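Hi,

Here's the complex I promised to pass on. Have a look at it first, and my notes come after.

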Amino acid sequence: MNTLILRTAAPVITALMLLFSVFVLLRGHNEPGGGFIGGLIAASALAIFGIAHGPGAVQRAIRFHPMAIAGAGLFLATMSGLASLIAGVPFMSGLWVYPDILGVEVPLSTVMSFDIGVYLVVVGAITAIALALETEPENGSAHDEGSR
Amino acid sequence: MAASAPAWTFIALFLPFVAALLAPFLVSRLGDKAAWIIALAPALSFLHFCRFLGEISAGEVVTGGYAWAPSLNLSFSWFIDGLSLTFALLITGIGTLIVIYSGGYMKGHRHLGRFLSFILLFMGAMLGLVVSDSFLMLFVYWELTSIASFLLIGFDHEREAARRAALQALVVTGAGGLSLLAGLVFLWNVTGVTQLSLLVHLGDALKMSPFYLPALFLVLGGAFTKSAQFPFHFWLPNAMEAPTPVSAYLHSATMVKAGVYLLMRLNPVLGGTPAWEILLPFFGGVTLITGALIGIRQTDLKLMLAYTTMASLGLLVMLTGFGSPHAIEAAVLYLVAHSLFKGALFMVAGAVDHETGTRELPLLGGLRHAMPVTFAAALLAACSMAGLPLFAGFLAKEEIYAALAAGNPRAVFFTGAALAGNALMVAIALAVGLKPFIGQRKNTPRHPHEAPITLWLGPVVLAALGIVFGVFSPLLHAYLSSPMASAIIDEPTVVTITTIPHLGLPLALSVFTLAIGVLIYWQLERARWLMAQMLESLGPGPDRWFDHMVTGLVRFSAGLMRIIQPGRLEIYITITFILVALTLLVPLFVFDELPDMPAWPTGLLVQEAAFFVIAALGIIAVLRAADRLTAIVSLGIQGFAVAVIFLLFGAPDLSFTQFMVETLSVVILTLVMTRLRLSVSDHRPAGQVVLDATIAIACGLGFALMLLKSVGRPLDPFMTDFFDAYSKAIAHGANVVNVIIVDFRGTDTLGEIAVVMITGLAVLALLKLRVGKRGEG
């Protein structure tokens with residue numbers, strides 16, 4: 001798996017896939033896409049990077065522990081749900097604002113931040129599992145190579 | 001006061017818990033003197049409950065509480081009548097003295113704070129138990145007392161005997177608690193009420209029900225285990241492994257009386273039937289005789305007292321079930337008198353142990369000069385226990401004999417039991433309260449001194465109350481015994497017995513009891529030897545049976561574990577998929593719900609058909625693959641083909657997800673495979689292949705049939721129309737699937753991502769665990 005072609009292409013593919021995952025996440029409300037799919041795409045991107053350059057490189061690239069990312073996502077999703085309580089409407093009611101940014105009306109909502117939370121949980125949890133699996137046990141690596 | 005009374009009662013009920021939290025801090029700051037401050041909590045509760053004496057003695061009840069889950073008819077509510085109030089006063093009053101006593105008894109112990117904390121936890125639980133109105137609250141507090149008792153018996157957790165005794169008490173009373181819960185559910189289902197205050201006035205409704213007997217047995221299961229009735233008595237003597245303040249408080253004065261409390265409380269609705277009047281007196285009587293006989297055999301002061309406690313509990317159960325108002329009055333008087341004298345005697349035994357270093361009766365003697373105050377308290381308490389005139393114990397004994405001696409054969413039998421039990425208890429009272437203090441001074445492990453005030457205050461106050469209640473009996477009756485008896489019988493009752501002896505049968509029986517008791521005391525050595533011989537000949541008792549039961553249970557569950565948890569993944573997976581197949585297929589065949597054969601699709605485009613073929617080819621490739629890696633990748637082919645089919649038939653979101661899931665499953669499966677260090681290819685014996693193939697085909701067939709069945713029915717367009725109409729309008733999103741996920745069913749999604757998160761953590765933990773183990777090995 002550890003070929004030169006893959007190692008050279010992997011960063012580019014990963015970057016493109018991550019960008020695409022954010023695109024899929026944000027368009028999800030009106031076009032096919034959303035947090036779950038976006039998260040899966042991003043997790044695949046990181047898995048490819050991990051296969052090419054090893055789990056250490058992925059860990060350095062994403063800076064935070066993947067479970068921390070998942071935790072932040074769950075927190076964000078919960079807070080998005082709770083935000084409606086401040087507005088005096090039932091839990092998980094969507095709240096929308098339409099600020100004007102550089103002359104463009106941008107719809108923002110707690111529904112969107114909830115979806116971002118979903119995205120982060122999926123990326124974090126799956127990347128954590130993939131990285132843990134890619135990290136080979138120290139004294140067993142030679143045997144693993146042999147069995148492949 | 002009226003407006004704030006509920007709040008004050010609430011505070012009084014929770015004060016012990018608050019004090020339990022603070023106790024360790026206070027002790028670490030102030031040392032054992034902190035006990036005096038901590039004792040303020042129960043003392044304040046005691047004073048609060050004293051304020052109800054007037055109302056209760058006038059025949060009123062105090063109720064209050066807060067709604068908890070009104071939709072389920074659950075509330076945190078209390079109901080204080082004569083019965084509850086007497087118990088509450090005993091719990092808080094004796095509790096105050098016990099806390100002070102503990103400060104002296106456990107002086108210098110490094111876990112004194114923890115000990116006081118447990119004692120107060122128990123106090124709060126017991127207090128809640130006796131004032132509870134709602135069944136659920138009663139049960140929660142009931143279990144909490146068992147847990148507190150477990151913690152206190154096992155307080156010296158470094159000794160194996162203490163651990164065993166604690167576990168035994170927890171198992172026995174915990175099992176009883178479950179029985180009680182089932183009994184309460186019966187009561188609730190039969191009567192439809194969840195509150196004791198409503199239940200006790202229902203009259204005969206419950207006794208007429210066909211479920212009366214099961215309910216009665218279950219409730220008795222709870223009461224008999226808690227109150228150490230034969231044959232569940234064995235945990236109580238073993239519980240003497242606890243420090244003495246615990247024995248004095250939980251295992252004589254309060255907790256073990258919870259069972260008696262329950263029986264008394266339920267007397268109006270469950271009592272008066274033949275079953276009640278046979279079971280209670282019979283088991284009570286057996287417990288009384290057994291306890292008193294084994295008590296005579298002991299030489300350890302605490303064990304002697306423990307067995308007489310068991311005997312006294314038997315007597316109380318017998319009286320409660322006897323079925324006459326006089327018997328109830330006798331039970332009330334005996335309960336109060338017993339709490340006072342037994343609490344005092346236990347504390348005396350602890351003080352003697354503390355000062356001399358031993359509790360063995362043959363090693364003790366002549367302590368009257370060294371410990372005069374303790375001796376005075378012991379003597380007064382023993383006189384009350386023996387039932388001498390002027391003491392509260394005398395009132396109880398007169399009332400017992402007046403109630404039992406009715407002339408019919410049944411009464412004669414129980415009078416005999418009471419007589420024998422009481423006579424033996426007289427002997428033990430003298431042995432504990434008198435014998436260590438008179439006669440020749442003996443050499444004890446420690447040179448005896450008078451105990452400090454902390455150790456004699458409790459016994460002196462309780463013993464003195466025994467004589468105060470005896471002399472001023474009208475006062476006792478007006479405020480405690482009459483209201484309590486009225487509550488148990490559920491009609492106004494006035495207790496009139498006084499300590500001035502009346503000539504008559506009861507007095508004659510009392511004198512007779514005393515005479516036999518003194519005789520046994522005089523011949524104590526011989527009586528003990530006789531009992532030892534007798535118990536020897538009877539062989540092992542329930543205590544051993546308990547051990548056998550526990551070892552048997554452990555062996556049984558170990559055997560069961562070997563069968564259902566063999567630790568081999570293939571077996572788990574095989575069983576799981578067999579069950580999946582059965583769940584899918586059996587209902588379809590049994591209920592004749594097989595789908596119709598679907599019509600051959602017409603108008604299928606070439607590219608659509610091509611992907612069906614590719615999916616099938618993927619499956620064939622999986623089966624034909626020479627090594628595992630090829631098989632995994634081939635599985636991916638099938639998955640991608642299905643994803644394309646989704647795309648072609650108008651489900652882009654599903655298709656996207658399927659693509660990503662397939663990719664990730666192939667990646668993760670490959671990684672797992674490399675880690676598991678399996679052999680490159682798959683070598684299964686032929687039989688295994690046939691079995692696995694059968695299971696796989698059955699599962700596939702099951703899912704296929706179920707899907708055909710569900711799509712075979714016309715689709716209800718309600719949901720589709722709803723989302724079409726409202727997705728854009730109220731959720732501002734055109735992608736219905738996404739709007740459902742993040743908005744309409746957002747709470748579901750929140751739950752799902754929490755599951756994803758937890759799964760991630762669990763997988764991580766398992767992988768890390770494995771790496772760690774390998775590293776060590």
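Below is what I found, starting with the numbering and the confidence.

This is a predicted model, in which local features need pLDDT of at least 70, side-chain atom pairs count only at pLDDT 80 or more, and totals for chains, interfaces and linings use all residues. Residues are numbered from 1 along each chain as its sequence is written, while chains are lettered from A and ligands numbered from 1 in the order in which they are written.

For the complex, the predictor gives an ipTM of 0.87 and a pTM of 0.73.

Now the interface. Counting residues as in contact if their C-beta atoms, placed from the backbone, lie within 7 Å, 42 residues of chain B meet 48 residues of chain A. On the chain B side, α29 (652-676), α32 (736-744) and α33 (746-776) each supply at least two residues; α33(B) gives the most, with 16. Helices here are DSSP runs (H or I, at least four residues), strands too (E, at least two), numbered from the N terminus.

As for annotations, UniProt (unreviewed entry) marks "transmembrane region" at residues 12-29, 35-56, 68-96 and 116-133 of chain A; positions follow the numbering used here, feature names are shortened, and annotations may be inferred rather than shown by experiment. In the model, residues 35-56 of chain A are 95% helix and 0% strand, with end C-alpha atoms 26 Å apart. Residues 116-133 of chain A are 100% helix and 0% strand, and their end C-alpha atoms are 26 Å apart.

Cheers

How values were computed:
Contact = placed C-beta atoms within 7 Å.
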